[in-house]
Amino acid sequence: MKKLAIIAFLGLGVLGFSQNTNIPKEERVRDNALLVKTDHAELDAKKKAAEEKAKLPKPYNPKADAQADLKKLVAQAKKEGKNIMIQAGGNWCIWCLRFNNFVQETPELKALVDKNYLYYHLNFSPDNKNEKVFAQYDNPGEKFGYPVFIVLDKTGKMIKVQQSDVFEEGKGYSKDKVKEFFNTWKPKA
């Protein structure tokens, strides 16, 4: 019985694969060409992203002791009357690198940040997931992706968690939206 079932299955398989689909050869070739072009387009996009990523500064330090760094920043924030802006992400994340570069290369945003915040890049990567630190802030990266922003007041109390996609504009960020965010969460005078 098993042999008969196997023979029947093989026979149906051969029959199914031997059927003519009645699609002209030139259309089948054209369909395959489109698939190859799509693959090339995707590969080109990945290559361009990798080239861009290689050129951007890498602000995240997987070897940093984030808990100790943040403790020092809270002490410094109390003295200087600034809030703390934590940009969580990693050097693997092109959007994280783009945001960092965008703020650093936009004089108006850089001045706003330097005046009002102590800025910290909280690493999340296979090398160092900083699980204890992220747990203190309810693991926002798991909810929103990266980069994600955690704003602390000068005492270290979390006052805002902000996902970054609301700031995106094309393959970069909106200066006006980022400026509004920084202005909204700066220390109150």
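Student: Which residue of strand 4 stands opposite Val148?

Tutor: This is a predicted model, and in it Val148 stands opposite Gln163 of strand 4. Looking at the pair of strands as a whole, you will find strand 3 and strand 4 running antiparallel, joined by five bridges. Between these two strands of the hairpin lie five residues, and Gly156 there has a positive phi near 95°.

Student: How many bridges join strand 1 to strand 3, and do these strands run parallel or antiparallel?

Tutor: Strand 1 and strand 3 are antiparallel, and five bridges join them.

Student: Which residues of helix 3 are buried, and on which side of the helix are they?

Tutor: The buried residues of helix 3 are Ala66, Leu70, Leu73, Val74 and Ala77. They are on the same side of helix 3, because they cover an arc of only 105° around the axis. On the other side of this helix, Lys71, Lys72, Lys78 and Lys79 are exposed. If you ask what the buried residues of helix 3 pack against, the answer is strand 1, strand 2 and helix 6.

Student: What span should the 15 residues of helix 3 have, and how far apart are its end C-alpha atoms?

Tutor: Counting 1.5 Å a residue, the 15 residues of helix 3 should span 21 Å, and the end C-alpha atoms are 20 Å apart, which agrees. After helix 3 comes Gly81, which has a positive phi near 65°.

Student: Which elements give two or more residues to the largest nonpolar core, and which residues touch the most other members?

Tutor: As a general idea, nonpolar side chains in soluble globular proteins tend to be buried together. Here the largest nonpolar core has 22 residues, and those that touch the most other members are Leu70, Ile84, Ile86, Tyr120, Leu122, Tyr137 and Tyr146. Two or more residues of this core come from each of helix 3 (66-80), strand 1 (83-89), strand 2 (117-123), helix 6 (131-136) and strand 3 (148-152). Helix 3 gives the most, with five residues. There is also a second, separate core of 15 residues, which includes Phe102, Leu112, Phe167 and Phe182.

Student: What does Tyr137 touch, leaving out residues up to four places away in sequence?

Tutor: With those residues left out, Tyr137 touches Leu70, Ile86, Ile150, Leu152 and Met158.

Student: Where is Ser164, and is this residue buried or exposed?

Tutor: Ser164 lies in the loop between strand 4 (158-163) and strand 5 (168-169). A residue under 20% relative accessible area is called buried, so Ser164, at 4% relative accessibility, counts as buried. Apart from its neighbours within four places in sequence, Ser164 is in contact with Tyr146, Pro147, Phe149 and Tyr173.

Student: How many helices and strands does the chain have, and what share of its residues is buried?

Tutor: The chain has eight helices and six strands, and buried residues make up 32% of its 189 residues. Among its contacts with a separation of 6 or more, 71% are between residues 24 or more positions apart.

Key: Residues are numbered from 1 along each chain as its sequence is written. This is a predicted model: local features need pLDDT of at least 70, side-chain atom pairs count only at pLDDT 80 or more; totals for chains, interfaces and linings use all residues. Side-chain values use heavy atoms; hydrogens and water are left out. A nonpolar core is a set of buried Ala, Val, Leu, Ile, Met, Phe, Trp, Tyr and Cys residues joined through side-chain atoms within 4.5 Å. Buried means under 20% relative accessible area, exposed over 50%, partly exposed in between (1.4 Å probe, protein chains only). Helices (H or I, at least four residues) and strands (E, at least two) are DSSP runs, numbered from the N terminus. Contact means heavy atoms within 4.5 Å. The expected span of a helix is 1.5 Å times one less than its number of residues. The arc is that of the directions from the helix axis to the C-beta atoms. Two strands pair if DSSP finds at least two bridges between them.
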